[in-house]
Amino acid sequence: LPGCHDKAVLLYEYVGKRIVDLQHTEVPDAYRGRGIAKHLAKAALDFVVEEDLKAHLTCWYIQKYVKENPLPQYLEHLQP
């Protein structure tokens, strides 16, 4: 990601009217291990729930986050 070396980001794309693909999280090396990706994952999933969207999880880290935090409100908003 050009120009994003000092920022944590979560890449996503709407792939349908109510479907968002959570594609990738990136945390700069200097900030890894501080739970930043966890905050990005939680915020993204909370947004999906609040907006009543469906989520497709391309990002391996968000897949891992959901496995570790299998909250019903997250699970019911996942696209099979």
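## Close-up views of a predicted model

**View 1. A negative patch on the surface.** Glu50, Glu51, Asp52 and Glu76 form a negative surface patch. Within this group, Asp52 sits in the loop that runs between α1 (36-50) and β3 (54-57), and Asp52 counts as exposed because its relative accessibility is 53%, where exposed means over 50%.

**View 2. The largest nonpolar core.** This core has 18 residues, of which Leu22, Leu45, Leu57 and Ile62 touch the most other members. Two or more residues are given to the core by each of β2 (19-26), α1, β3 and α2 (60-68), and the largest share, five residues, comes from α1. In soluble globular proteins, nonpolar side chains tend to be buried together.

**View 3. Salt bridges within helices.** The structure holds four salt bridges. In one of them, the side chains of Asp46 and Lys42 meet at 2.6 Å, N to O; these two residues are four apart in helix α1, and so are separated by about one helical turn. In another, Lys64 meets Glu68 at 3.4 Å, N to O, and this pair is likewise four residues apart, in helix α2.

View 4. Between Arg32 and Asp29, the closest N and O atoms are 2.9 Å apart; Arg32 is partly exposed, at 46%, whereas Asp29 counts as exposed, at 62% relative accessibility.

Methods: Residues are numbered from 1 along each chain as its sequence is written. This is a predicted model: local features need pLDDT of at least 70, side-chain atom pairs count only at pLDDT 80 or more; totals for chains, interfaces and linings use all residues. Side-chain values use heavy atoms; hydrogens and water are left out. Patches are made of residues with over 30% relative accessible area and no salt bridge: like charges are joined within 9 Å, nonpolar side chains (Val, Leu, Ile, Met, Phe, Trp, Tyr) within 5 Å. Accessible areas come from the Shrake-Rupley method with a 1.4 Å probe; for residues, only the protein chains shown count as cover. Lys and Arg count as positive and Asp and Glu as negative; His and the chain ends are not counted. The place of a charge is taken as NZ of Lys, CZ of Arg, CG of Asp or CD of Glu. Buried means under 20% relative accessible area, exposed over 50%, partly exposed in between (1.4 Å probe, protein chains only). A nonpolar core is a set of buried Ala, Val, Leu, Ile, Met, Phe, Trp, Tyr and Cys residues joined through side-chain atoms within 4.5 Å.
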